[in-house]
Amino acid sequence: MNIQQFNQQEKTKAKQQLFNCCGSTTWTESMLEMMPFYSVEEMQICADEVWKATKETDWKEAFTHHPVIGDLKSLKEKFASTLNFTTSEQAGVKEATDDVLMELQRMNEKYQKKYGYIFIICATGKSAGEMLSALKERMENNPEREIRIAAEEQHKIIHLRIEKLFV
């Protein structure tokens with residue numbers, strides 16, 4: 001698909017594709033209002049502007065549309081609509097040992113209990129060990145700092161997913 005095809009498709013299909021890039025209703029609706037886009041680069045710039053205008057509640061909504069890092073079962077079941085994104089994004093988990101996966105699960109539970117949302121990281125190109133290290137490191141953050149880091153990671157994911165729309 002190219003940018004012209006994206007712009008010409010039915011709004012409901014464009015909305016779903018945008019929502020798959022970022023599970024925030026506010027972000028998706030704002031992006032729809034900015035259509036048509038004249039290039040992928042312009043779309044990325046608009047995505048940046050819209051994301052910067054979102055609030056913490058929007059970020060947390062977007063986070064709920066991601067599987068837990070390392071939870072391959074939920075990747076297949078709950079997140080079928082974004083499976084093409086999340087499977088490649090979490091490819092580093094497929095090679096992980098059972099010990100690393102169990103530690104990821106344990107730390108994810110601790111993280112969610114502490115912060116109230118799942119651990120968000122732009123996982124593309126990262127091994128399970130790297131993600132586990134980042135998770136442990138970020139557990140030391142206070143809630144205000146961590147929500148900002150998680151939002152920036154979501155921002156990176158948005159960019160990657162927009163790129164994947166046009167590959």
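Buried here means under 20% relative accessible area, exposed means over 50%, and partly exposed lies in between, with a 1.4 Å probe and protein chains only. At 8% relative accessibility, Trp 59 therefore counts as buried. Keep that scale in mind, as burial comes up again below.

This is a predicted model, in which local features need pLDDT of at least 70 and side-chain atom pairs count only at pLDDT 80 or more, while totals for chains, interfaces and linings use all residues. Residues are numbered from 1 along each chain as its sequence is written, and side-chain values use heavy atoms, with hydrogens and water left out.

## The chain as a whole

The chain has 10 helices and 0 strands, so called when they are DSSP runs (helices: H or I, at least four residues; strands: E, at least two), numbered from the N terminus. Read along the sequence, the pattern is α-α-α-α-α-α-α-α-α-α. Of the 167 residues in the chain, 46% are buried. Contact means heavy atoms within 4.5 Å. Among contacts between residues at least 6 apart in sequence, 67% join residues at least 24 apart.

## Helix H4 and its two partners

Axes are lines fitted to C-alpha atoms, for helices over the stretch in contact, and angles run from 0 to 180 degrees between N-to-C directions. Angles under 35 degrees count as roughly parallel, over 145 as roughly antiparallel, 65 to 115 as roughly perpendicular and the rest as oblique.

With that in hand, how do H4 and H10 cross? The axes of helix H4 (residues 40-53) and helix H10 (residues 143-165) come within 10 Å and cross at roughly 155°, which means that H4 is roughly antiparallel to H10. The crossing is right-handed; a crossing has this hand if the near helix is turned clockwise from the far one by less than a right angle, and is left-handed if anticlockwise. On the H4 side the contact is made by Val 40, Met 43, Gln 44, Ala 47, Asp 48 and Trp 51, and on the H10 side by Ala 151, Gln 154, His 155, Ile 158, His 159, Ile 162, Glu 163 and Leu 165. By class, this contact has 8 nonpolar, 4 polar and 2 charged residues. The classes are simple: Ala, Val, Leu, Ile, Met, Phe, Trp, Tyr, Cys and Pro count as nonpolar, Asp, Glu, Lys and Arg as charged, and the others, Gly among them, as polar.

Gln 44 sits in helix H4 and, at 9% relative accessibility, counts as buried. Leaving out residues up to four places away in sequence, Gln 44 touches His 159, Ile 162 and Glu 163.

Helix H3 (residues 25-34) also packs with H4, at an angle of about 135° and with the axes 10 Å apart. H3 and H4 are therefore oblique to each other, and their crossing is right-handed. Trp 27, Ser 30, Met 31 and Met 34 in H3 meet Met 43, Cys 46, Ala 47, Glu 49, Val 50 and Trp 51 in H4. Those residues divide into 8 nonpolar, 1 polar and 1 charged.

Between H3 and H4 runs a loop that holds Pro 36. The peptide bond from Met 35 to Pro 36 is cis, with omega near 5°. For context, most peptide bonds are trans.

## Aromatic pairs

Rings of Phe, Tyr and Trp (its six-membered ring) pair if their centres lie within 6.5 Å; planes under 30 degrees apart count as stacked, over 60 as edge-to-face and the rest as tilted. By this rule the count comes to 8 aromatic pairs. Two of them are set out here.

| Pair | Centre to centre | Angle of planes | Type |
|---|---|---|---|
| Phe 6 and Phe 166 | 5.9 Å | 70° | edge-to-face |
| Trp 51 and Trp 59 | 6.4 Å | 35° | tilted |

Phe 6 lies in helix H1 (residues 3-8) and Phe 166 in the segment after H10, so the pair ties together parts that are 160 residues apart in sequence. Phe 6 is buried at 0% relative accessible area, and Phe 166 is buried at 16%. Trp 51 counts as buried too, at 5% relative accessibility. Elsewhere, ring pairs link Phe 63, Tyr 111, Tyr 115, Tyr 117 and Phe 119 into a cluster.

## Ile 147

Which residues does Ile 147 touch? Not counting residues up to four places away in sequence, they are Glu 56, Trp 59, Lys 60, Phe 63 and Tyr 117. Ile 147 lies in helix H10 and is buried, with a relative accessible area of 5%. Ile 147 and Glu 56 are 91 residues apart in sequence, yet 7.7 Å apart in space, C-alpha to C-alpha.
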